[in-house]
Amino acid sequence: MNKAFLYIIIGAGLWGTIGWYVKNLYTYGFTPMEVVTLRAWSAAIILVIYLLITAPKKLKLTSASDIKYFIGTGVFSIIFFNYCMFTAIELATIPVATALLYTAPAFVTVLSFLFFKEPLTKSKIVALFITLAGTALVVGLIPLNLETFKLAAILFGLGSGIGYALYSIFSKFALKKYTSLSITTYTFIVAAVSLLPFFPYKEKFTLLLDPAVLFYAFGLGFLPTAFAYIIYTYGLNKTEASTASILTTIEPVVATLIGIYIFHEAFSITQMLGMACIIGAVILIQVYAKPGKINRT
């Protein structure tokens with residue numbers, strides 16, 4: 001297997017565990033935006049400490065104007081997509097929220113064509129449609145049952161897809177000058193600082209001292225965030241943005257399994273078929289993808 005594909009798939013698999021941390025934090029009374037803040041701050045702290053120890057030069061900006069890339073990845077992608085996704089989890093279920101997130105490949109494919117002139121190959125289009133069909137099956141959109149869905153959950157889910165797509169786009173620009181680790185670190189620094197005024201520290205201070213809350217908060221910031229974004233961005237550096245986006249559709253499979261076995265959410269033959277479609281799309285894009293341009297790492 002192409003190493004870039006493997007990095008992307010592992011990162012996406014870790015993203016699939018996000019719902020476990022989020023739902024546990026909700027039990028302590030945190031809101032979606034507060035959980036976004038906890039994720040951003042814990043990831044930023046972990047990444048900055050790691051770089052200070054291992055590679056402090058990577059914390060240096062080449063130009064102050066480059067902060068625009070990280071405002072893109074940090075505010076317009078990370079904050080926006082996390083808030084939308086966490087709200088969708090609150091309104092619906094982990095599989096529904098995660099699958100709606102995967103409208104992102106459609107947005108990435110169009111944006112990559114417009115900004116990077118990446119070709120819309122037959123394999124990409126076929127894999128994209130298989131992916132969209134698979135996610136629809138996973139969440140029960142096929143067969144359609146309007147009574148099981150809330151309009152707000154669907155809108156927030158689609159919003160998360162748009163925000164998620166923007167990470168691939170902004171990262172591709174930033175990779176021309178920065179390493180994947182630098183991009184990930186500055187993304188969460190900008191997100192954390194931007195969220196600073198919106199967290200109710202006085203009301204939630206005692207909760208932040210709870211060992212269980214710290215475990216879930218820093219766990220959320222480490223495995224499905226800091227580590228996952230590092231290896232995903234590294235894989236993105238070795239392939240096309242639209243290809244990477246389709247590969248990450250392994251995430252709803254992981255999220256669905258967590259919903260089933262940990263939170264005892266319903267799972268049907270239709271959803272199983274949807275997961276098979278998603279895995280099939282991942283295999284398809286691995287087989288037919290051509291080596292892309294390798295940027296600076």
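Over the face of which residue does Lys68 lie? The ring in question belongs to Tyr69, and Lys68 lies 4.7 Å from its centre. A second case is Lys23, placed over the face of Phe263 at 5.1 Å from the ring centre. Here a charge sits over a ring if NZ of Lys or CZ of Arg is within 6 Å of the ring centre and within 35 degrees of the ring normal. The model is predicted, so local features need pLDDT of at least 70 and side-chain atom pairs count only at pLDDT 80 or more, while totals for chains, interfaces and linings use all residues. Residues are numbered from 1 along each chain as its sequence is written, and side-chain values use heavy atoms, with hydrogens and water left out.

Rings also meet other rings. A pair of aromatic rings is described by the distance of the centres and the angle of the planes. Rings of Phe, Tyr and Trp (its six-membered ring) pair if their centres lie within 6.5 Å; planes under 30 degrees apart count as stacked, over 60 as edge-to-face and the rest as tilted. By this rule there are 16 aromatic pairs. In one of them, Tyr167 and Tyr232 have ring centres 6.2 Å apart and planes at 40 degrees, so the pair is tilted. Because Tyr167 lies in helix H8 (residues 151–174) and Tyr232 in helix H11 (residues 211–236), this pair ties together parts 65 residues apart in sequence. Helices are DSSP runs (H or I, at least four residues), numbered from the N terminus. Tyr167 is buried, at a relative accessible area of 2%, and Tyr232 is buried with a value of 2%; buried means under 20%, exposed over 50% and partly exposed in between (1.4 Å probe, protein chains only).

The rings of Phe188 and Tyr229 have centres 5.4 Å apart and planes at 70 degrees, so this pair is edge-to-face. It links distant parts of the chain, with Phe188 in helix H9 (residues 180–195) and Tyr229 in helix H11, 41 residues apart. Both Phe188 and Tyr229 are buried. One aromatic cluster is formed by Trp15, Phe81, Tyr164, Tyr167, Phe188, Tyr229 and Tyr232.

H6 gives the most, with 4 residues. Phe115 has its place in helix H6, and its 48% relative accessibility makes Phe115 partly exposed.

Methods: Helices (H or I, at least four residues) and strands (E, at least two) are DSSP runs, numbered from the N terminus.
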